[in-house]
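Hi everyone, thanks for coming along. I'd like to walk you through one structure this morning, so let me put it up on the screen.

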Amino acid sequence: MNKKNFILKRLKPAFLFIGTSIFLFSSTCIGQENKSKSTAIWEPVPVVINPGNATTAPSDAIVLMNGTNMNEWESTKGGKAKWKLENGEMTVVKKSGSIRTKRSFGDCQLHVEWRSPAIVKDDSQDRGNSGIFLQERYEVQVLDSYDNKTYVNGQAGSIYKQYIPLVNACRRPGEWQAYDIIYKAPVFKDNGEMDKPAYITVIQNGVLIQNHVEILGNTAHSSAPSYKKHGTKEPISLQDHGSPVSYRNIWIREL
Ligand code: MG
């Protein structure tokens, strides 16, 4: 070993020590700097919840339908909900009327699973038609839109007659599908005029199909939508459109 190599070998541990010290010192300084910066927010700490899984509700949700009863529902005409409860699901009974939640809701996150009939009958708007009406006024269309041509602002996942879904994420008839809806209720002035419109985001089967669109007013079949003042909280209704559409696993988180 020559003299130069000998010196380098002896000094190597010293270099290592100095390098590590510089690294640790600078890391500490950076950490202190971050902690002192006002962009770090420490409170309020979000509440810890159990998020559930694909078939169960999060621990902080109100369960509106878990398959065992229809206690949270009534007819929109008042009185008992007359849909069929069987095999953990509730199914539209033709001409029994639409149903609604007994409780009322405003801003919310809503999870709904639905299934159009496996046996395909009819077409267009007569195939597996139902609907989820936020605050009993604003419809997210439920329809068998698997290989079923209809007007696009009335297909599954449309905000009926207002917004076409971004894509058609429908499963085959007879298969369960999920809507996850994030809804911001409208705000009204004292004189009844709309102050702030409602907004809605819809995810179907894990796919974004409505991206924070502004609701234009009450769902209307053949006229222009317009707002009419209503309470800050109103029920959610499910439509009887004459098709035996089934529902299960419905839960809501108030926001
Ligand atoms: Mg409908």
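**Strand 15 and its partners**

Let's begin with strand 6 (residues 108-115), which pairs with strand 15 in the antiparallel sense over 7 bridges. Before I go on, a word on the source: this is a predicted model, where local features need pLDDT of at least 70, side-chain atom pairs count only at pLDDT 80 or more, and totals for chains, interfaces and linings use all residues. Residues are numbered from 1 along each chain as its sequence is written, and side-chain values use heavy atoms, with hydrogens and water left out.

For the terms, strands are DSSP runs of E with at least two residues, while helices are runs of H or I with at least four, and both are numbered from the N terminus. Two strands pair if DSSP finds at least two bridges between them.

Back to strand 15. Arg115 has Ser246 as its bridge partner there. Ser246 also stands opposite Thr91, and strand 4 (residues 89-91) is joined to strand 15 by 2 bridges, running antiparallel. Strand 1 (residues 62-65) is antiparallel to strand 15 too, with 3 bridges; in that pairing, Val63 has Trp251 as its partner.

Now, in what order do the 5 strands of the open sheet come? The order is 2-5-14-7-8, with antiparallel pairing. Strand 2 (73-75) and strand 8 stand at the edges with a single partner strand each, so one side of each is left without a neighbour in the sheet. As a reminder, strands of a sheet pair through backbone hydrogen bonds, either parallel or antiparallel.

Within this sheet, strand 5 (residues 99-101) is joined to strand 14 by 2 bridges, and Arg100 stands opposite Ser237 in strand 14. Strand 7 (residues 130-134) contains Ile132. Is Ile132 buried or exposed? Ile132 is buried, because its relative accessible area is 0%, and buried here means under 20%, exposed over 50%, partly exposed in between, using a 1.4 Å probe and protein chains only.

**The magnesium ion**

Which protein atoms are donors of the magnesium ion? They are Asn129 (OD1), Ser130 (O), Glu139 (OE), Gln141 (OE1) and Gln239 (OE1), at 2.2 to 2.4 Å. Donors are N, O and S atoms within 2.8 Å of the metal (3.2 Å for Na, K and Ca), and since water is not among the atoms, sites may look incomplete. Along the chain the spacing reads N-S-x8-E-x1-Q-x97-Q. Gln141 is buried at 1% relative accessible area, and Gln239 is buried at 14%.

**Cysteines**

How many disulfides does the structure hold? It holds 0, where a disulfide is a pair of cysteine sulfur atoms within 2.5 Å. Cys108 counts as buried because its relative accessible area is 1%, and Cys170 is buried at 12%.

That's my tour, so over to you for questions!
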